Amino acid sequence: MKATAMAHPIQGLVKYHGMRDDIERQPYHDSISVCTAPSHTKTTVEFSMDYDEDTYIVDGEELEGHAFDRVERVVDKARDMSDAAHTVYPVKLESENSFPSNVGLGSSSSGFAAAAMALSEAAELDASHAEISTIARVGSASAARSVTGGFSHLRAGLNDRDCRSHRIPTDLKDELKIIVALVPSYKQTDDAHAEAEKSHMFGDRRAYVQDQLVEMRDALHDDDLERMGHIAEQDSLSLAATTMTGPDGWVYWQPPTLAVFNKVRELRENGYEDDDDVDSVPVWFSTDTGASVYVNTTADHAERVKEAVSETGVRTTIWEVGGPARLLDEDEALF
């Protein structure tokens, strides 16, 4: 049986580092994110006796080694949850991203979320988005939140009943606009998780993040974009500090990253250079594990903030809040 799905990547608002369980990918603490659109991953999967072995292809490249193993864990979890006889057959999975991968824009989240959604359909699972999020999670914990979409909260836990994602009700969807400042710099998030756990600041980070989670949920319930933006900015600095103080001193920000940070602070403190009537812009920066920057602002200011951030020399685009992972029609299949 064949199925095709798509999912949006996430911007971490209160992020996580470190895993209790590297196989089930159960983080030490909760995390909150927002899906970003129109960026997306489209994935088609098919179980068939016509295939000789499981095959996984991402952006035209057949996966091997560690990358293959991560996808295989997701496939095996869907197989284990299914009663359908055809899931014993080999599977072909093909995936395409509409945006750059491994630059800090969450491609693993949308990739594994789209895979889990398509696998759920192909394996004939009668599963909710929260249940499908547990399939995606074994590929990437952030992918669990990509499955449920919008503003989502992944709970920490030692089993699938607890460690799954749920939506957070809020009306910020139309108000929030995200200027993406693309700073190409290859990275591996798994390396960052390992580094952070060995940092002398990791224990403090785990304690600090509990208040951040409470504050972020409250800000979203109150539709308070200013609080949301401020918390996400502070959390980005905290996360990076923990990673940078690991044994290898891993610094993933680049000079253009810092230039965007400075531009955001200038806009917030002084307004636009060519407009004396605006002395402060509602704008905040945020990063995940990578050099690229999310610049969060309001719909009214998005175009002018994009123009100002572009002056730093980085490539920019405007994204918005994305919805949950969803199935696509047969004619949209990749093979």
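These legends describe close-up views of a predicted model. Local features need pLDDT of at least 70, side-chain atom pairs count only at pLDDT 80 or more, and totals for chains, interfaces and linings use all residues. Residues are numbered from 1 along each chain as its sequence is written, and side-chain values use heavy atoms, without hydrogens and water.

**View 1. The largest nonpolar core.** This core holds 31 residues. Val45, Tyr56, Val71 and Leu119 have the most contacts inside it. A nonpolar core is a set of buried Ala, Val, Leu, Ile, Met, Phe, Trp, Tyr and Cys residues joined through side-chain atoms within 4.5 Å. Buried means under 20% relative accessible area (1.4 Å probe, protein chains only).

View 2. At least two residues each come from β1 (2–7), β6 (41–47), α1 (65–81), β9 (91–97), α2 (107–122), α3 (129–137) and α4 (141–148). Helices (H or I, at least four residues) and strands (E, at least two) are DSSP runs, numbered from the N terminus. Helix α2 gives the most, nine residues.

**View 3. Around Leu119.** Leu119 touches Val45, Phe47, Val74, Val75 and Ala78. Residues up to four places away in sequence are not counted. Contact means heavy atoms within 4.5 Å.

**View 4. Lining of the second largest pocket.** Residues lining this pocket include Lys263, Glu266, Arg304 and Glu311. Two or more lining residues come from each of α8 (255–270) and α9 (302–310). Helix α8 gives the largest share, four residues. Lining residues have an atom within 4 Å of a point of the pocket, an open set on a 1 Å grid over the protein atoms alone, where a 1.4 Å probe fits, with protein on both sides within 12 Å along at least five of seven lines.

How values were computed. Buried means under 20% relative accessible area, exposed over 50%, partly exposed in between (1.4 Å probe, protein chains only).
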